[in-house]
Amino acid sequence: MVSMKNKPSKNYPLFEYIERLEAGGALLPDNPENLLEVVGILKSYGVVLDAYSKNLIYIAENQFLVFFPFFKYFNNEFSVNKLLKHWWHDRINFEYAEYCMKAMLWHGGGGLDEYLDTEEFQDRARAVIRAKFKNNPLMLGINELFPDFLIEQMRVFSYYSALGQFWRVMADIFLSLSDLYDEGKIKSIPEVVDHIKAGLVADAKRPITYSVKIRDKIYDVIPASIGLTFLADTAIPYVEAVFFRGTPFLGTVSYNAQAYQISPDQARFQYGALYADPLPIGGAGIPPTLLMQDMRHYLPEYLHEVYRGSRRGEDDLRVQICMSFQKSMFCVTTAAILGLMPYPVDTTDPDEQQTNRVYLQQWLDRLKTSRLLEVNEEANFCPVALPQKV
């Protein structure tokens with residue numbers, strides 16, 4: 001039985017969102033404008049995630065324990081032309097992928113974080129280190145002086161691989177969503193949420209593993225026998241680290257401990273994608289600017305047309321992309337909430353319904369200070385007529 005003390009009532013400030021979710025809706029209102037924005041932005045995001053995923057996995061498998069990886073963003077396809085484009089920033093900004101990876105590493109959570117602190121992982125990492133630097137007495141000597149340094153580097157590369165595998169699944173989900181929308185098979189926000197949730201559930205038990213090859217031998221850093229899986233050990237920690245907690249953006253708050261602008265308690269961090277004000281996008285030190293810059297290159301024409309027809313046209317394109325992206329992340333969050341619900345959303349058992357309501361209130365309590373209300377207000381305003389999608 002659920003305690004009546006925690007029972008959500010109609011006086012709960014965000015009760016309408018609980019009712020909306022119970023009725024099969026989403027945190028984002030269902031209307032044609034939102035549907036077009038969400039699917040369009042997830043199409044471009046899927047293309048970018050595909051590139052991020054491939055690069056993270058490449059770094060994990062081919063650049064591990066390389067201390068000056070000058071060419072890690074080239075995916076073993078180096079050329080002078082690509083180097084010039086890299087210097088001119090005519091490229092995918094893989095730095096943002098590393099920013100998300102570091103947020104996951106720092107916040108931790110899930111089975112991956114627990115495994116990386118075990119003696120088994122350390123033994124496997126030491127075997128990789130010995131093999132990697134077998135003929136390098138200098139590095140072996142440094143490793144003797146600082147025995148945790150290289151092991152910590154292997155922890156970092158484990159997160160490179162895990163996040164790359166997570167984004168591989170998400171990229172496929174978002175790109176297939178766009179294909180279904182183009183075919184006329186996705187016609188509402190709840191259908192978007194259902195598609196994402198189905199993708200998360202389908203790959204929930206997908207193994208997360210990590211191996212490296214040194215000379216002709218394969219070393220399992222995260223073997224399948226550990227039992228790490230996509231949903232529990234990458235998806236949920238990613239939502240926690242990137243959607244909710246995040247990291248303070250440089251230049252927006254003081255890192256001076258005496259200023260008390262950053263809480264010493266990571267659990268109280270609210271700098272994630274669901275909380276961030278889109279307006280600073282485009283400024284120095286704001287990591288999501290890199291993501292918005294990447295997505296602008298892959299916007300479907302029907303969404304780009306909406307942006308061009310807005311009041312400022314393309315002058316604030318990155319901000320507009322960020323606002324659409326934030327809407328899409330509330331849809332992804334809805335899919336995660338519904339996918340982790342204790343009982344089916346359409347249950348008729350009163351006790352199960354009440355347990356679900358308490359569960360939903362716990363989520364909404366965390367979202368009180370997010371941009372949930374602002375996104376819903378923006379959803380009721382469409383500045384331009386929607387284009388005819390072809």
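This is a predicted model: local features need pLDDT of at least 70, side-chain atom pairs count only at pLDDT 80 or more; totals for chains, interfaces and linings use all residues.

**Entry 1**

I started with R215, which counts as partly exposed at 49% relative accessibility. I found R215 in the loop between β1 (210–214) and β2 (217–222). Most residues other than glycine have a negative phi, so I went looking for another case.

N75 turned up, with a positive phi of about 50° although it is not a glycine. This one sits in the loop between α2 (32–62) and α3 (80–87). I get a relative accessible area of 24% for N75, so it is partly exposed.

**Entry 2: the whole chain**

Stepping back, I counted 15 helices and two strands. The radius of gyration comes out at 22 Å, close to the 21 Å the globule rule gives for 390 residues, so the chain is as compact as a globular protein of that length. Along the principal axes, the C-alpha atoms fill a box of roughly 65 × 55 × 50 Å.

How much of the chain is buried? I get 51% of the 390 residues.

Taking contacts between residues at least 6 apart in sequence, 76% join residues at least 24 apart.

For charges, my tally is 39 positive and 48 negative side chains. The centres of the two sets lie 4 Å apart.

**Entry 3: V212 in its strand**

Next I picked V212, which is in strand β1. Buried or exposed? Its relative accessibility is 1%, so V212 counts as buried.

I listed what V212 touches, skipping residues up to four places away in sequence: A60, F64, V128, K217, I218, Y219 and V221. For a sense of how the chain comes back on itself here, I took the C-alpha distance from V212 to N62: the two are 150 residues apart along the chain and separated by 7.7 Å.

**Entry 4: V253 in a loop**

I looked at another valine, V253, in the loop between α10 (230–245) and α11 (288–296). With 22% relative accessibility, V253 counts as partly exposed; the cut-off for buried is under 20%. Leaving aside neighbours within four places in sequence, I see V253 in contact with P248, Q261 and I262.

**Entry 5: salt bridges**

How many salt bridges does a search of the whole structure find? The answer is 19. I went through some of them.

E98 and K72 meet through their side chains at 2.8 Å, N to O. This pair links distant parts of the chain: E98 is in helix α4 (residues 95–107), K72 is in the loop between α2 and α3, and they are 26 residues apart. I checked burial too, and both E98 and K72 are buried.

R206 pairs with D203 in a salt bridge, with the closest N and O atoms 3.5 Å apart. R206 is partly exposed at 36% relative accessibility, and D203 is partly exposed as well, at 22%.

D365 and K368 form a salt bridge, with 3.6 Å between the closest N and O atoms. I have D365 at 35% relative accessibility, which counts as partly exposed. K368 is at 44% and also counts as partly exposed.

**Entry 6: D50 and its network**

Last stop, D50, which lies in helix α2. I found D50, K54, R168 and D172 linked in a network of salt bridges. Which residues does D50 contact, leaving aside neighbours within four places in sequence? I get R168 and A171, and R168 is also a member of the network.

Technical notes. Residues are numbered from 1 along each chain as its sequence is written. Side-chain values use heavy atoms; hydrogens and water are left out. Helices (H or I, at least four residues) and strands (E, at least two) are DSSP runs, numbered from the N terminus. The radius of gyration is taken over C-alpha atoms; the globule rule is 2.2 Å times the number of residues to the power 0.38. Buried means under 20% relative accessible area, exposed over 50%, partly exposed in between (1.4 Å probe, protein chains only). Contact means heavy atoms within 4.5 Å. Lys and Arg count as positive and Asp and Glu as negative; His and the chain ends are not counted. The place of a charge is taken as NZ of Lys, CZ of Arg, CG of Asp or CD of Glu. A salt bridge is a side-chain nitrogen of Lys or Arg within 4 Å of a carboxyl oxygen of Asp or Glu.
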